[in-house]
Structures are given as structure tokens and as C-alpha cells.
Amino acid sequence: MATVLVTGGAGYIGAHACKALARAGHVPVTFDNLSTGWREAVRFGPLVEGDLSDRAALDRAFADHAPDAVMHFAALSLVGEAMADPGRYWRNNVVGSLTLLEAAAAAGCTRFVFSSTCATYGEHDDVVLDETTPQHPLNAYGKSKRAIEDMLTDFEAAHGMRHVIFRYFNVAGADPEAELGEAHEPETHLIPVMLEAIDGQRPALTIHGTDYDTPDGTCIRDYVHVSDLVDAHLRGLDRLLEGGESRVFNLGTGRGFSVREVLDASRRVTNAEVPHNAGPRRAGDATRLVSGSIRAAEELGWKADRSTLDTMIADAWRWHRSGGYAR
């Protein structure tokens with residue numbers, strides 16, 4: 001059993017990770033400023049309210065809970081916002097992570113699982129990404145995550161900070177038991193936006209571009225079920241607890257789904273039409289972005305068992321119909 005400091009543990013992925021950690025016999029300690037997370041989502045271990053910019057709060061958390069490892073999810077992650085306000089992303093993501101790493105090193109906590117992104121690769125349209133793909137991020141979000149990866153390398157050299165880094169694209173679905181789910185304000189992700197449109201909670205969904213070079217004209221993206229994703233993070237933690245070396249892993253299905261495929265699956269699962277209309281392409285949108293996960297399968301024994309469209313949408317729909325978190 002390990003005690004794990006989970007930054008962003010009140011958020012979408014972090015809360016699911018906390019549940020998985022507790023189910024595996026670990027003690028998740030959520031560190032979150034609740035700016036985008038939900039107090040109601042912190043159900044599986046203690047909550048420490050604090051900001052990554054506050055070194056004193058981090059020092060207290062390490063002293064009070066003596067974590068064996070860190071799982072780092074806390075980050076700003078909206079690409080459009082990162083383009084408009086890059087300083088906010090460098091300050092929050094990079095400076096905050098540096099403060100966290102310094103506090104962890106000072107406390108002697110030298111196992112670190114980092115939630116990175118395939119956005120570090122930049123523009124590699126219509127190829128299956130793997131861990132050897134060159135990294136050329138296009139915006140402050142991707143650049144900030146790559147910078148944190150570089151910091152981890154330096155902190156390992158100086159402080160023995162062994163780490164596992166996970167890069168992935170779109171996360172979808174919800175806890176199969178509907179205790180946790182995806183709730184952002186504002187919501188920008190396709191599947192929850194689609195479900196809100198079905199329920200009349202927002203206007204019709206706009207498909208941004210119907211003339212891509214794909215079988216149905218809409219762009220293709222890789223989706224991984226949140227339960228599969230956090231399973232990989234637990235496997236990465238186990239690797240570090242067992243003395244394994246630092247490693248980077250991509251997480252994906254390797255094929256992806258088009259926007260129309262997502263809408264068709266929603267119709268099957270919910271028995272409801274998705275109100276939608278066609279709009280122009282968005283600047284910078286690639287035709288096809290998918291990631292492989294051969295290394296994760298071979299070295300971690302990871303499988304994306306729940307990452308089918310019907311399962312991801314069914315779990316998200318169950319959570320959506322439950323009413324979600326109290327606002």
C-alpha cells in the first residue's frame with residue numbers, strides 16, 4: 001500500500017485515478033485548488049486545498065501525509081485559451097510543476113507519474129504516433145507539457161526523481177458505477193457536449209468541417225476511456241514502486257473515430273438523435289490524430305478494454321443522466 005499525492009484529484013481524470021488507487025489499496029491524497037475541480041468528487045481519500053504556486057502548502061502536504069509518490073494531473077488544458085493567453089499556461093503549468101517538483105525532491109519523494117499529452121508532438125497529421133515521434137508542439141499548452149517532461153529528466157539526474165510519463169489525446173467516458181464523470185465549465189469535449197445537446201442543455205452541436213479526406217468527411221480523433229487511462233497510471237505507479245526505470249508511454253487505440261462515427265454511436269446508445277449542423281473547418285484542425293500504445297501493452301501489460309465508442313458513450317450517458325455534480 002502506498003500513499004500517493006494526486007494533484008488535480010478533484011478533476012475529471014484525477015478523481016477517477018483516486019478511486020482506482022483506493023480500490024487497489026493505496027491512499028490517494030488530493031491536492032487541488034478547486035478552481036476547476038469538484039469537492040464532491042473527492043470521495044476516496046483526504047483533500048488538501050492548495051495551489052501549486054504555494055510552496056508552503058505543498059511542503060505541509062508532504063510533511064503531513066509523507067506520500068510515497070506523486071501523480072500529477074493538475075494543469076490548464078484548453079488549446080484555444082493557450083493560444084490567446086500563453087503566459088497563464090507557462091505560469092500555471094510550468095512554474096506550478098517546478099514548485100511541485102522542488103517540494104517533492106526536498107521531501108525525498110522521488111517517484112513521479114506525470115499526465116502529459118500527445119500535443120507535445122505537434123503537427124503529425126494522418127500518422128500513428130509513438131514515443132519516438134519528434135516533438136514539435138504548436139502552442140503553449142503542448143510546449144508547457146514538454147517543458148515539464150524536460151524538468152523531470154533534469155530532476156532525475158540531480159535528485160533521483162524516477163518518473164513515468166503518459167502522452168495521450170482525448171479522454172472520454174465515466175466511472176462505470178456513475179460515481180464520477182466529466183464536468184467542465186465551460187464544456188468543450190465532443191461527447192459531453194453531444195449529450196448536453198441531446199438533453200436540450202445547449203444548442204445543436206456544430207461539426208467543424210465535413211470535407212476532410214476521411215471516409216465520411218469529418219476529422220478523426222483517438223479516444224481512450226478514462227478508466228483505461230487511469231489503469232495505465234496505476235501500472236506506471238507499480239513500475240516505480242517496484243524499482244523500475246523512468247519511461248515514456250503513449251496511450252491510444254491506434255485507429256480513432258470520426259465525428260460522424262461518434263454521433264452514430266450516440267444514436268445507438270441513447271436512442272436519441274443528436275441535434276447538429278455543419279460548419280466550416282477550424283484553423284489548425286488536423287485530419288487524423290491517433291496514437292499507438294504498443295510500448296504500454298508490452299511493458300505495462302496495458303489494454304484499452306473499455307475504449308470502444310459504445311462503452312465510452314454509455315458510461316458517459318449514465319453519468320450524465322445521474323445529474324452529475326451539484327452546481
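1. Strand 5 (residues 111-115) and strand 7 (residues 162-168) run parallel and pair over five bridges; pairing here needs at least two DSSP bridges between two strands. Within this pair, Val113 sits opposite Val164 of strand 7. Strands are DSSP runs of E with at least two residues, helices are runs of H or I with at least four, and both are numbered from the N terminus.

2. A quick caveat: this is a predicted model, where local features need pLDDT of at least 70, side-chain atom pairs count only at pLDDT 80 or more, and totals for chains, interfaces and linings use all residues. Residues are numbered from 1 along each chain as its sequence is written, and side-chain values use heavy atoms, leaving out hydrogens and water.

3. On its other pairing, strand 7 meets strand 12 in the parallel sense, again over five bridges. Ile165 faces Val248 in strand 12 there.

4. Zooming out, the open sheet has seven parallel-paired strands in the order 3-2-1-4-5-7-12. Strand 3 (47-49) and strand 12 (247-251) are the edges, each pairing on one side only.

5. Now the helices. Helix 2 (residues 55-65) packs on the sheet, touching strand 1 (3-7), strand 2 (27-32), strand 3 and strand 4 (69-72), where contact means heavy atoms within 4.5 Å. Its direction makes about 165° with that of strand 2; angles run from 0 to 180 degrees between N-to-C directions, with axes fitted to C-alpha atoms, for helices over the stretch in contact. Helix 4 (residues 86-107) lies across strand 1, strand 4 and strand 5, at about 170° to strand 4.
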